[in-house]
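Let us walk through this fold. Keep the sequence and the 3D view side by side.

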Amino acid sequence: MKVASYNLRLDTKSDSLNAWPYRKENVKALIEYHGLDLIGTQEGYLHQIKALTEIPGFAYFGAGRDDGKQAGEHSAILYRKDRFAILDSGNFWLRETPALPGKGWDAVCCNRICSWAKFRDNLSGKKFYMFNVHFDHQGVVARRESGKLMVAKMKEIAKGAPLICTGDFNSTPETEQIQTLSSYLNDSYTATRMPPYGPVGTFNAFKFAAPLKERIDYVFLSKDFLIKKYGVLTDAKEQRYPSDHLPVVADVEFLK
């Protein structure tokens with residue numbers, strides 16, 4: 001399976017020529033060309049997520065972070081509907097009371113949501129969980145506590161079953177929250193059998209010459225998976241990236 005984490009960048013006119021209407025087809029083409037199977041997306045509004053389902057064979061699960069329905073940005077999971085079937089699904093918020101929408105800890109900007117689904121892989125018959133999340137970009141406490149909450153919720157929901165966790169964590173590898181996640185799951189960057197491909201950094205700010213040094217987007221997997229390859233894709237058209245983040249892709253397979 002090719003599993004990816006991809007922050008789509010929200011649709012805002014202030015991005016000018018980098019606004020979503022100019023990028024939509026490039027994002028779709030990237031997903032289709034690279035044959036991605038499961039994509040944890042961040043920041044997409046409902047119309048952006050629906051646009052990605054225009055790619056033949058794709059469906060999604062997710063909810064808006066503002067109301068748990070359709071309002072606001074999503075942390076939606078895009079998947080190939082012929083390959084995978086959803087058996088269960090849900091959402092929770094990164095806050096002290098995760099069952100209800102709202103801001104957590106010292107976050108001041110936004111609600112932050114995690115969407116998860118239990119899948120059956122129709123090729124192998126294997127069942128697994130996928131969690132997809134977007135950590136706060138300002139709250140230091142919120143990011144630290146979100147790392148603890150993610151591990152607790154993954155244990156509670158998946159109960160030791162195979163699982164994947166994708167996201168924009170707004171955190172570099174040495175931070176406490178990434179160390180917390182790495183103590184529970186394998187970071188595909190460090191666990192890949194083939195050396196990591198592409199730049200280390202995953203945020204480009206729509207600058208083609210960005211230094212790409214800071215890794216803030218991740219694909220984590222439980223020990224049930226062999227991580228064959230890991231890469232950060234730098235696809236661009238006319239020196240314009242399809243998003244202000246680069247997609248992180250892990251080529252994985254179930255261990256026997």
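Which strands does helix α3 lie across? Helix α3 (residues 140-158) lies across β5, β6 (113-121), β7 and β8. Its direction is about 155° to β7. Axes here are lines fitted to C-alpha atoms, for helices over the stretch in contact (heavy atoms within 4.5 Å). Angles run from 0 to 180 degrees between N-to-C directions. Helices (H or I, at least four residues) and strands (E, at least two) are DSSP runs, numbered from the N terminus.

This is a predicted model: local features need pLDDT of at least 70, side-chain atom pairs count only at pLDDT 80 or more, and totals for chains, interfaces and linings use all residues. Residues are numbered from 1 along each chain as its sequence is written, and side-chain values use heavy atoms, with hydrogens and water left out.

Now the sheet that holds those strands. Its 6 strands run in the order β5-β6-β7-β8-β10-β9, forming an open sheet with mixed pairing. Two strands pair if DSSP finds at least two bridges between them. β5 (84-93) and β9 (186-187) stand at the edges with a single partner strand each, so one side of each has no neighbour in the sheet.

Follow the pairs. β7 (residues 127-134) and β8 (residues 163-168) run parallel, joined by 6 bridges. Here F131 faces C165 of β8. β8 and β10 are antiparallel, with 5 bridges, and G167 stands opposite Y218 in β10. β9 joins β10 through 2 bridges, also antiparallel. D187 has F220 of β10 as its bridge partner.

Strand β10 (residues 217-221) is mostly covered: 5 of its 5 residues are buried, meaning under 20% relative accessible area with a 1.4 Å probe, protein chains only. In a regular strand the side chains alternate between the two faces of the sheet. D217, V219 and L221 point one way from β10, while Y218 and F220 point the other way.

There is another open sheet. Its 6 strands follow the order β3-β4-β2-β1-β12-β11, again with mixed pairing. The edge strands, β3 (58-61) and β11 (225-232), each pair on one side only. Twist averages 20° from one strand to the next. β1 (residues 2-7) and β12 (residues 248-254) pair in the antiparallel sense over 4 bridges. A4 has V249 as its bridge partner in β12.

Last, look at R23 in helix α1 (residues 20-33). A polar atom of its side chain lies 2.9 Å from the backbone oxygen of L8.

Notes:
A polar contact is a pair of N or O atoms within 3.5 Å; within protein, one must be able to donate a hydrogen and the other to accept it, and residues adjacent in sequence count only if both atoms are side-chain atoms. Buried means under 20% relative accessible area, exposed over 50%, partly exposed in between (1.4 Å probe, protein chains only).
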